[in-house]
Structure formats: structure tokens, C-alpha cells
Amino acid sequence: MSNYTQSKPHSTDDSVTAARPELQIMKAANLLLIMFCGWFFLTFLYTGAVLNLSLKFFFLAILVLTLRRWTGALLLALLQVHLFFLEPRVADFGGAIGEFVWVMTTVLLIMAVSRFRTLQEKDEHSTVRRLLSSVISGGTNAHEYDASVIRRHTAAAVVTSGRSALLLVGCCLVALNLMSLVPADRTITGLNTVSEFRLRPSGYRIIMSGLLLYSVFVVSWLFINEGVWRRLSSSQAGIYLRSVLLRWMHRDLRMLTKRRLKQRRRTARHRERSVTETTTYDSPETRHVPTDS
Amino acid sequence: MTARSRWLVLLGIAGFGLGILRGQNVLAWSSLTVLVWMFAEWIRFYWRVWRELPQLKFIRHVNDQTQSTGLIWSGRMLSVSVEMVSGKRRLSPLLVIHDCLPENFELVSGRSTCVLISRSPSSRFCYEGRALGLGELTLPGIHLTLQDPQGFFVTERFVPLKQTFRVLPTYAGINESQPLVKRMNSLPQHGIHRLQRAGMGSELLELREYVPGDPPKSIAWKVSARRDMLMTRQYESEVPVRVYLFVDGSVGTRIGGFGKRLIDQMSYVAGSVARSAVSAGDPVGAILFDERGQQRIRPAGGERGFHNLLDQLTAFAVPPSPPARRLSPALINAAMRLCGEHYPDLLDPRINQVPFTFFPISPWKRHLVYRRSLLANVLAGLYGLSVSQIIELVHDDRMMAQFTQRLLSDAGVSWMPPLVETRDQGFHDGMATMEMLSTAIADSVATARDNEVYVIMANLLECATNISHVLPAIKLALARHHRVVFVFPTPAFRRPQPLRTPDPGTSAEELLERAEGLRNCNLADRLQRELRRLGAKVALSGEQEAIRMVLAETELARSGRVVFAGVR
């Protein structure tokens, strides 16, 4: 609590003692990934733009600040702005290697930033502050860990990162396949979009892609929802039943309850008033003594 | 789904739409990849929730014991370790495991939270702490926060792992003062003391003239020969000294944080006195009184009697239903915080559905009504209320306050704001306490024998001006040759000292503290004057000096003398 009406007890410094080396190693691994992706984007971002250098500095500033304050969504927005203004419009799309690397690096950067922020929330000490204090003290106050522990955790971090990278590759390929499901120049049934449906091909494509994605989402959501309902505990089920029943009958029940409460208050007020009047009449200080006049 | 993932989904959809519309394939592809990746993480997250969470098993060791009930001592260190194992597979990150601690537990070292960063078959964390006040300590269970490595999806669960301990009061091991002068000719039985009244003891009380019927054995022949008349030896009586502890458990003594309540202070004194008395072989009884009535514990000696007394004191110190109070936002907030920690799954908006209403229109008020409705549903689930009672909870402040107080009280929240209202009713509480105390003393005197020691611990400092209400009962006890010792606990645990420092300080806190000190000092002086005039002993606060004074009075009763002498 402690804990509900009082302040929480002060946390001690040796908090995440067991998880500290692996936490640091995981953070370092994600930081390395961010640095790599940052270098990649600083090299290729905004090339050809008028304010090339300024925009790169801006991106770098956002990248650094994202580690501390914002989320990866801001970086995605910056990359999307770059693509929106500088990417050429082409009709054919085959998914070339350069494009694949760009997409992979984008998602990798968002993943690394998000992971770093999540791990940072679990750590009580800032990485930058820790590095600075280590540099200032010449490494004297750095934690000494066993080499085997470091090796083990490093291997675990590499395995985790590799597994995540594989997932991202899979997602890239799935996204590519989804895009290719709806062709750009004709309908799925092979009809000419402009003449048959009075639609621009891009408009038709976005509607069809949207419907495709939405149907996949709805099917998955139905499965997940079904799973959630099947795993409700008895207390959860009780609350669900009560709250749904209450929602259905809310208007009537509210009216009845309010009326009952109003009646109860009125009765209480009436009783109070009668008690007060009686007391006033009986008290010798306020008793009115009739005079002859 | 967290805000982090909501923003990414929004940007992904926007980027994908724009990319397709404008024919910018990389923009569309990268945005769609983000969406697909988040979808995959969503599926993975739910898979973990379904497959891994139900298989988690927790074992908590408190002082190497895993039983669901037990006994502990307040103030003594407890070592707690929590072990988590998974039934079939390894535990996946990120998992935050938090052992929920009640207010009566103070964390001393270690931490009650563990963060699982990488995959592992089990996890274990340890911490140390102590119970602050006597009564009950319940470790309710484990709060789990499961999230994906990116922090896109979070779910919270509570795994009940209830362990309830009775917290016995601590006591001081005070060395008793032993007389240096030999006062007894024969060593009496353990726990038997002299009483300066005619009896069948071994010590001479007085010589008196022979009365027919006196046993010839008791005739003092030498004295009779000197005086030329038959004289009989009258012996002292030998009796056990019974110590009665009167413990006040009224509302005023239960208010405050655990370990800082007046009842904790009184139990400390009671435990110390009982320990000392039991060591000397004296039986110790108690009369525990509060608004619910009085409970009499028969005097008993030995270790069994002592532990029985402590056990009864512990049961008495467990807070009953708190006094009713008005509903306040702080009370609702405290209840919501508690529900967030102990019942996070019941606050899920998909489960706990709140009906839509147009009124109130103000967003702030709507938010308040929404929170109140959520809480009402949870309370209904916990206490088995009907649907119409839920509506009543939402609209009736009195009922809501009652159930919210019950929820907080059941969770072991201390009697402090917002659970209990701070009110300036010390005087009225004191008057009620005096009534209860008078009844308890009169009842006790009616059933007691002579030469008993009454240690009265009650919260009467606030009504020192009207102490005359309790004086008849005290006079009755003194008239029956009982020794009466008063111990008045003080909120500061210290004896009120007259403030002699000329500079009270300038801050409001310092001035208030000085004013409170002066007030307590005046009240204490008045109380002492009134009671000492009758012949009762008075000690203020639960310090060791107060315990020493009670022990000295008990020793006096044991020696059978009126005044205390010959003791270093």
C-alpha cells in the first residue's frame, strides 16, 4: 500500500539483482541495433532533399530523444514522411533487395527502440548515467560480473534478437504477399477497373486490401474472443453476467432505485424534523411560557 | 493494448493507405509490415496468456514455512522467498511478479518485485521485513504483469496465495528488581507471596491475647511468661498476587498506522508486565473492553497462560468493522487502487461493463461515475450483491461508503484516512471509554479476591477534565485493597515533557507540535493529580519507565508491604 492509503515503502538499490546483468546485456544489444539502424538511415535518409543535413540532424535528435521520452511511432512517422515526399511513384512492384532492406531496417529500428524503452522502464538506472559514471570513475564503480554469466546472457540476447529478426523477415514476406494478392492494374476477377467499376485502380486496390486485412483481423479476433470467453474465471463470469444484466435493465432499475432513495431520504428528513420539533418544545430553555397578557 | 501500439497501428494504417493511393510501394510495404508484425505479436501475446499463465505455480516460504496460517511476533524479522515455476514450458519474458504486501508489513531489505527478462525454467526472489503491529498479517497473493518485449500489449493478473499469520505482541525483557534484604524466613512456593493479614503463613504478623479456641501450638510461651498472660502468635497470610490487565480497545486506540496505534503501545506494556509476572509465578488475567463489550480472561500462570493471554490480546487487536463514515473521493480512490492490485482481471472493461448514460455531461463527472460503476460491479462480485443493489451502490453514498470500507478493512488497511474519518471526538470517545472502564472495574472487583494488581491501560487523556466519572470504580477497587496502576498511552509514544525551550521555532509544524505537546502535558498533569490523590499510580506512555513502575507496584504487592523500601 503500505499501500493503498500510505506511500509505498522505499525501494532498495539491490532490486533487480538477479536480473541486472541480463538486463544490461539486453539493453546493450538493443542499443547496438538502434545504432546500426540509425547509421543506416542517416546515410540514406533525405538524400537529394534541399535541407538534407538539417533533416538528418533532426532525425538524429529525435532518435536520441526517443530513447528517453517518446515511442517508436515518432520515428515511423519521420520515415513515412521521407517516403511520402521522396519515394518515386512506380506502377510495378517486385520487392527488390534494396526495398526489402529498407523495410526490414525500419521495423528493426522500431522494435529495438520499443524494447529498449521497455527494458529501461524495468531498470532503475539510466544507461547514459551509468555509462557516464563509469567513465568518470574510470571503471572503478562498474559492476564486476563473472565471464561465464556474461557469455551466457550474451548468447541469450543474440538468440532472442535473432529470433525476433526472423519473425520480422517473416512479417516482411507476409506483407509482400498480401500486397501482391490485390494486383495494381486489374481487378481480382480480371476486369478493367476504370471501365467496369468507375474507380481509379488505386482506389479499388485500397478498398480490396482494406477488406482483406479487415477480414483476416475479424476472423482472428473472433477466435481470440472465443478463447477469452472460454477461459473466464467464475468471479469474472459473475461480474460479466451482472454487468450485462445491469446494462440491459439499467434505465428501469435506475428509476426505481432513485425513487426509493428519494423516498427514504424524505422519510428520514421528516423523522429528523419531528424529532427536532419535539426536542425544541420540550427543552426548558425554549419553552414558551404563556403570560396573562 | 498500450498507447505505444495504438500509435503504431494508426500510423501503419495511414501509411499503408497513402502508399497504395499514391503508388508508393515502399511506404505501403513498410507500413503493412508494421501492421503484420503487430498482428503477429498480438497472436503471440494471447498464446502466452492462454498457455503460460495458467501453468504458473507459486510457492511462498515465510521463515522456511509454507503453511497457510502461522504465528509471528511483531517487530521481529521475517524472511520471505517466493518461487515461481512453470508447469510444462519455460517462462517467457517480460513478466513482472509482485508479491502484494499488506500495510502491516514493513519491507526491510530486498524487494517484493521480480522482473523476468529472459526465458528461464523458474524464478525466485527473496526479501526481509517485519510485522509492524499486532493483530493479523495476511499476504494475499501475487500480482502478475505480463507484457510482450516491445511493451505493445499488457495484461495483469492476480494469483491468490493467501497466508495469514497472527501477530503476537512484542514485550520487553526487563530485569526485575530483587530485594537485597531477606524478608522471608522460609521459602514459599513459587508464585505465593505474603499478605499482611491474618492467615496460615509462616511469617509472624502480630502477637495478640489468647482467645479460647486458638490452637495451643500458636501460643508464644516466652512472651506469655514475660507478660504473665497467654499470648498467641498471629501469622501472615500467603496468597498469590493476581495481575489483571485492563486493555481498552475503543475506536480511539485503533486509529493510526500499524505499530503506531495506542493499542500497540498498550499491548507492549501488557505483554511486558505479563512476562514479568509469569516469571515470578503470578497468575495474569485480562479484561479486554471496547464498544462490542468486555472479554474476561481468567488469570493463569506459566508459559501456557502467558501465551494464551498474548493470543487473546492478538485476537482482540484485529480491527473489527470500522466506524461508518461519509463517502469521499479519497475512499473511492483507495478502493480502486486496491482493486487494481488485487482484482485487476475484474476491472477489465470487457468483463466489467458499465451502462451508457447521457448524464452527467461533464467529462470529469462522467469519469467519476464510470469509476464508481466499475467499483460497484467488483463489490457486487465479491460480496454477492444483486443487480438492483449495484444500482443502489452507484447512487447511494452511504451504502457505497459502507461496502468500500468493508473492502479496505478486509484487505488489512489501517484505520487512517480515508478508511476512517479523523474527527475531533476525543472527548466523546473518552466519555464512552470511561463508562466501559467503570463497568469493567466494578465487574472485576465484584468477582475478585484481595491483593490483586489492576493495571489499567485506557485512552483517557482526552477527557482528563471529566475523570470524576471513573473515580467511584477506582475508589471501590482501592477500598478492596487492590493496587491500581494506570498507564495512559500517548500518541507520540513518549511521556509528555514540560517544554522549557524558549524558542518554539517559526514553522507551522513546529508551532503545532509545541501546542500539542503543551496540551498533552496539561492533560497529563491534571489526570495524574486526580488519580494520585486517590492513591492510584499513574504512568504515561508505553515507555519502559511505565513498565518498570507497574512492575514495582506488583513487587510491592508481592512483598505484602504498603511502601516500597529496601530495593535497589
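In what order do the elements of chain A run from the N terminus on? They go α-α-α-α-α-α-α-α-α-α, and the count for chain A is 10 helices and 0 strands. Helices here are DSSP runs of H or I with at least four residues, strands are runs of E with at least two, and both are numbered from the N terminus. Everything here comes from a predicted model, in which local features need pLDDT of at least 70 and side-chain atom pairs count only at pLDDT 80 or more, while totals for chains, interfaces and linings use all residues. Residues are numbered from 1 along each chain as its sequence is written, with chains lettered from A and ligands numbered from 1 in the order in which they are written.

Chain A has 293 residues, and 23% of them count as buried. That label takes 20 or more other C-beta atoms within 10 Å of a residue's own; 12 or fewer makes a residue exposed, anything in between partly exposed, and the C-beta atoms are placed from the backbone.

Now for where the two chains meet. Chain A puts 78 residues into the contact and chain B puts in 69, where contact asks that the C-beta atoms of two residues, placed from the backbone, lie within 7 Å. On the chain A side, at least two residues each come from α1 (20-44), α3 (72-86), α4 (97-122), α6 (147-181), α8 (201-230), α9 (234-248) and α10 (250-282). The top contributor on that side is α4(A), with 12 residues. By type, the chain A side splits into 41 nonpolar, 24 polar and 13 charged residues. Nonpolar covers Ala, Val, Leu, Ile, Met, Phe, Trp, Tyr, Cys and Pro, charged covers Asp, Glu, Lys and Arg, and the others, Gly among them, go down as polar.

One open sheet of chain B has 6 strands in the order β14-β13-β12-β15-β16-β17, with mixed pairing; two strands pair if DSSP finds at least two bridges between them. The edges belong to β14 (293-300) and β17 (537-540) of chain B, which have a single partner strand each, so one side of each has no neighbour in the sheet. From one strand to the next, the twist averages 15 degrees. Strand β13 (residues 284-290) of chain B runs antiparallel to β14(B), joined by 6 bridges, and B:Asp290 has B:Gly293 as its bridge partner. Helix α13 (residues 508-534) of chain B lies across β16 (483-488) and β17, at about 160 degrees to β17(B). Axes are lines fitted to C-alpha atoms, for helices over the stretch in contact, and angles run from 0 to 180 degrees between N-to-C directions.

Other strands of chain B pair up too. Strand β7 (residues 122-131) is antiparallel to β3 (residues 77-86) through 9 bridges, with B:Val82 partnered by B:Phe125. Another antiparallel pairing, of 5 bridges, links β7(B) to β5 (residues 105-110), and there B:Ser109 sits opposite B:Glu128.

Strand β4 (residues 95-99) of chain B has B:Leu95, B:Ile97 and B:Asp99 on its covered face and B:Val96 and B:His98 on its uncovered one. With β6 (residues 113-116), β4(B) makes 4 antiparallel bridges, and B:Ile97 faces B:Cys114. With β8 (residues 135-147), β4(B) makes 5 antiparallel bridges, and B:Leu95 stands opposite B:Leu146.
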